[in-house]
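Hi,

Have it open while you read, and look up each residue as it comes along.

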Amino acid sequence: MTVAFWCVLIACVLPIISAWTCGYFRFKQLGSVDNKHPRAQYAQLEGAGARAVAAQQNAWEALPIFVAAVVIAHLAGVAPERAAIAAEVFIVARVLYPIFYIANKDILRSLSFMVGIGACISLFIMAA
């Protein structure tokens, strides 16, 4: 399995890790974790907790773009070493993204988002 494919696996796990972070904030802010109505409880979060939920949602939104970019690069015959660099850049950007989001560092969060999208675009360009 290529490095880029391993990065796909990591990207698939990132939203789940973000969900655990949301659980922490649900417990911290609301005193419990309601697994019967988690989305209703998410809606009650404020501050860092609300930002954690938004970061998780964005992780799910970024995932299909990255998966498509990696698969298309692979199918187009992009050198695995080149695809690996872009995939690794994406992962680093996406690991930093929720950290910046929860910490309310909006400029760094936006920069991290742009770097991640740029890595995906680079994979598509390499495949062209």
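Let's start with A52, which lies in helix 3. Helices here are DSSP runs (H or I, at least four residues), strands are E runs of at least two, and both are numbered from the N terminus. A52 counts as buried because its relative accessibility is 2%. For that label, buried means under 20% relative accessible area, exposed means over 50%, and partly exposed is in between (1.4 Å probe, protein chains only). Leaving aside neighbours within four places in sequence, A52 is in contact with T21, C22, F25 and I102, where contact means heavy atoms within 4.5 Å. F124 is another story: 72 residues along the chain from A52, its C-alpha atom is 29 Å from that of A52.

Before we go on, a word on where this comes from. It is a predicted model, so local features need pLDDT of at least 70 and side-chain atom pairs count only at pLDDT 80 or more, while totals for chains, interfaces and linings use all residues. Residues are numbered from 1 along each chain as its sequence is written, and side-chain values use heavy atoms, with hydrogens and water left out.

Now the whole chain. How many helices and strands are there in the protein chain? There are 5 helices and 0 strands, so from the N terminus on the elements read α-α-α-α-α. The C-alpha trace spans about 50 × 30 × 15 Å along its principal axes. Of the 128 residues, 38% are buried. Among contacts between residues at least 6 apart in sequence, 67% join residues at least 24 apart. The accessible surface comes to about 7,300 Å², and 69% of that belongs to carbon and sulfur atoms. These areas come from the Shrake-Rupley method with a 1.4 Å probe; for residues, only the protein chains shown count as cover.

Next, have a look at helix 4 (residues 80–102), where you'll find R94. What R94 does have is a polar contact of 2.7 Å between its side chain and the side chain of N58. (A polar contact is a pair of N or O atoms within 3.5 Å; within protein, one must be able to donate a hydrogen and the other to accept it, and residues adjacent in sequence count only if both atoms are side-chain atoms.) Not counting residues up to four places away in sequence, R94 touches L14, N58, A59, A62, S112 and F113.

A93 is in helix 4 too, and it counts as buried because its relative accessibility is 5%. A93 touches S112, V115 and G116, again not counting residues up to four places away. From A93 to G116 it is 23 residues in sequence but 5.4 Å in space, C-alpha to C-alpha.

On the surface, M1, W6, L9, V13, I16, I17, W20 and W60 form a nonpolar patch with about 870 Å² of accessible area together. Patches are made of residues with over 30% relative accessible area and no salt bridge; like charges are joined within 9 Å, and nonpolar side chains (Val, Leu, Ile, Met, Phe, Trp, Tyr) within 5 Å. Helix 1 (residues 3–30) gives the largest share of the patch, 6 residues. W20 is found in helix 1, and its 62% relative accessibility is why it counts as exposed.

Most residues other than glycine have a negative phi. N104 is not a glycine, although its phi is positive, at about 65°. With 47% relative accessibility, N104 counts as partly exposed.

Happy browsing!

Terms used
Salt bridge = Lys/Arg side-chain N within 4 Å of Asp/Glu carboxyl O.
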